[in-house]
Every structure is written in structure tokens, then in C-alpha cells.
Amino acid sequence: MTEQNETQAEASAKAGAIIVPVTLFEQNCTIIWDEPSKKAVVIDPGGDVPKILDAIKQTGVTVEKIWLTHGHIDHVGGAAELRDALKVPIEGPHVADKFLLDNVVESGARFGMTGVRNFEPDRWLDEGDSVAIGDLQFEIYHCPGHSPGSVVFFNKDLRFAHVGDVLFAGSVGRTDLPGGSHATLIDSIKTKLLPLGDDVGFICGHGAGSSIGQERMTNPFITGEM
């Protein structure tokens with residue numbers, strides 16, 4: 001094993017993660033925790049809050065924060081309810097998505113989602129900010145395009161990112177929703193995500209995760225084939 005691999009293995013032993021697919025959107029609500037302390041964060045609780053709470057209980061972690069990658073209904077539908085249930089702060093997304101969080105009820109109605117609420121996070125996130133859970137530090141990258149306020153959470157030691165709907169395995173986030181821009185999204189990916197390094201693995205908002213290197217080589221939206 002190389003020194004770099006040893007370092008990554010040591011880092012990986014410090015953290016754990018599970019994905020809880022929620023709602024008809026099959027959105028990847030993600031629970032990440034600091035292994036030594038079992039302190040955890042829930043990323044993008046899109047709905048099905050009882051299912052999320054059950055996963056938290058089964059995992060045996062203590063959730064201390066909720067992080068949001070962006071403001072679309074499938075990622076934030078359960079955020080206000082989960083905040084009330086756990087009595088923890090919500091951090092993110094970028095303030096440019098405020099118009100989405102101000103209209104959660106209206107957005108939910110279009111998809112038959114009841115019980116959702118408009119809300120404001122306890123902290124907006126911006127480029128250069130950092131957030132932490134236990135000893136795990138994540139840098140914030142503002143990556144507009146899918147939505148104006150999309151953010152990515154990156155842990156340098158783990159070589160891991162949660163990218164929301166900015167980038168997918170073999171695809172990118174849709175840009176036909178209010179505030180979306182395909183050109184802006186591709187610029188975010190090329191200037192913010194690709195420089196993180198080919199060895200960085202990521203969880204995305206829907207479907208299987210991937211790595212920056214895999215997407216750099218094969219993703220048609222990045223290679224210019226689309």
C-alpha cells in the first residue's frame with residue numbers, strides 16, 4: 001500500500017455514511033458521521049422524515065446539523081420537519097436559493113407533497129466557508145447552474161465530496177428550472193469540481209456516486225460530446 005493510500009485509509013476509518021433514498025424522486029438523503037464521536041449530519045432531507053429518523057436510530061449516531069446542497073423541493077421537503085424533530089440547525093444552501101426556500105409549499109403542491117413548509121436556514125453558505133461535524137471539516141464551493149445557490153461539500157482528507165445535483169455519474173444536473181443555466185453549470189463543474197482531483201469520490205443527489213476522474217474521462221457533458 002502506498003503512503004497516499006494509507007493516508008486515505010486512515011481518513012476513511014474516521015467517517016461513516018449511509019444513503020437513505022426518499023420520496024418518489026428517489027433522492028439520496030445522506031447521513032455522514034464522525035466515527036470516533038458518532039456526531040452526524042443529515043444532508044438534503046427531501047421528505048419521508050420518519051424513514052430518515054429510523055435510519056438515524058438504526059445507525060446509532062447523534063445528528064447535530066442538517067446541510068442543504070440547494071433549494072429544490074426534492075432536497076428540502078423534509079428539512080423544516082426534521083429540524084423541529086431533532087432541534088438542530090440547518091446550514092446551506094447559498095442565499096441565491098432563498099426564492100426556492102420561500103416557495104417550498106407551492107413547489108410541493110405541484111407534486112402532491114403535503115406537510116412541507118417554507119423556511120430559512122440558520123446559516124447561509126458561501127464560497128470559501130467551511131462546516132464541520134465532529135472532527136470532519138468540509139470546504140464549501142458555490143456551484144451555480146442547476147440552481148443559483150447550489151453548494152458542494154468537500155472533505156480534503158477523505159478525498160470525498162457531496163455534490164448534490166451539480167454532477168451525476170454520466171450526466172449533470174438539469175438546467176431547465178427557474179434560475180438554471182447550462183453554461184453556468186458546466187463552468188462550475190470545470191472550474192470548481194474537476195480541480196479537486198481525479199481521486200475524489202462523490203455522492204450525488206440521485207443515483208449512484210462516482211469519482212471526479214471517472215467523470216472527467218467519460219461524462220459526455222464534460223468531454224464535449226453533448
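Two strands count as paired if DSSP finds at least two bridges between them. That rule matters for what follows, and it is applied here to a predicted model.

Start at one end of a sheet. Strand E12, residues 201-203, joins E13 through 2 bridges, and the two run antiparallel. One of the contacts can be named: Gly201 in E12 has Ser211 of E13 as its bridge partner.

Now widen the view. E12 and E13 belong to an open sheet of 6 strands, in the order E6-E7-E8-E9-E12-E13. The pairing in this sheet is mixed. Strands E6 (130-133) and E13 (210-211) stand at the edges. Each has a single partner strand, so one side of each is left without a neighbour in the sheet.

Buried means under 20% relative accessible area. In a regular strand the side chains alternate between the two faces of the sheet. Both faces of E8 are covered. Val151, Phe153 and Asn155 lie on one side, Val152 and Phe154 on the other, and all are buried.

E8 also has strand partners. Strand E7, residues 136-142, pairs with E8 in the antiparallel sense over 4 bridges. Within this pairing, His142 stands opposite Val151 of E8. Strand E9, residues 160-162, is joined to E8 by 3 bridges, again antiparallel. There Phe153 stands opposite His162 of E9. The hairpin of E8 and E9 has 4 residues between the strands. In this hairpin, Arg159 takes a positive phi near 55°.

Step back to the whole protein. It has 9 helices and 13 strands. How does the radius of gyration compare with that of a compact globule? For 226 residues, such a globule would have a value near 17 Å; the protein has 17 Å, so the two agree. Along the principal axes, the C-alpha atoms fill a box of roughly 50 × 45 × 30 Å.

Buried residues make up 52% of the 226. Of the contacts between residues at least 6 apart in sequence, 59% join residues at least 24 apart.

Last comes the surface. The protein exposes about 9,900 Å², and carbon and sulfur atoms supply 52% of that area. There are 18 positive and 32 negative side chains. The centres of the two sets lie 3 Å apart.

Technical notes
Residues numbered from 1 in each chain as written. Predicted model: local features only at pLDDT ≥ 70, side-chain atom pairs only at ≥ 80, totals over all residues. Heavy atoms only, no water. Buried < 20%, exposed > 50% of the residue type's maximum accessible area, 1.4 Å probe, protein only. Rg over C-alpha atoms; globule rule 2.2 N^0.38 Å. Contact = heavy atoms within 4.5 Å. Areas by Shrake-Rupley, 256 points an atom, 1.4 Å probe, with all protein chains shown as cover. Lys, Arg positive; Asp, Glu negative; His and termini not counted. Charge placed at Lys NZ, Arg CZ, Asp CG, Glu CD.
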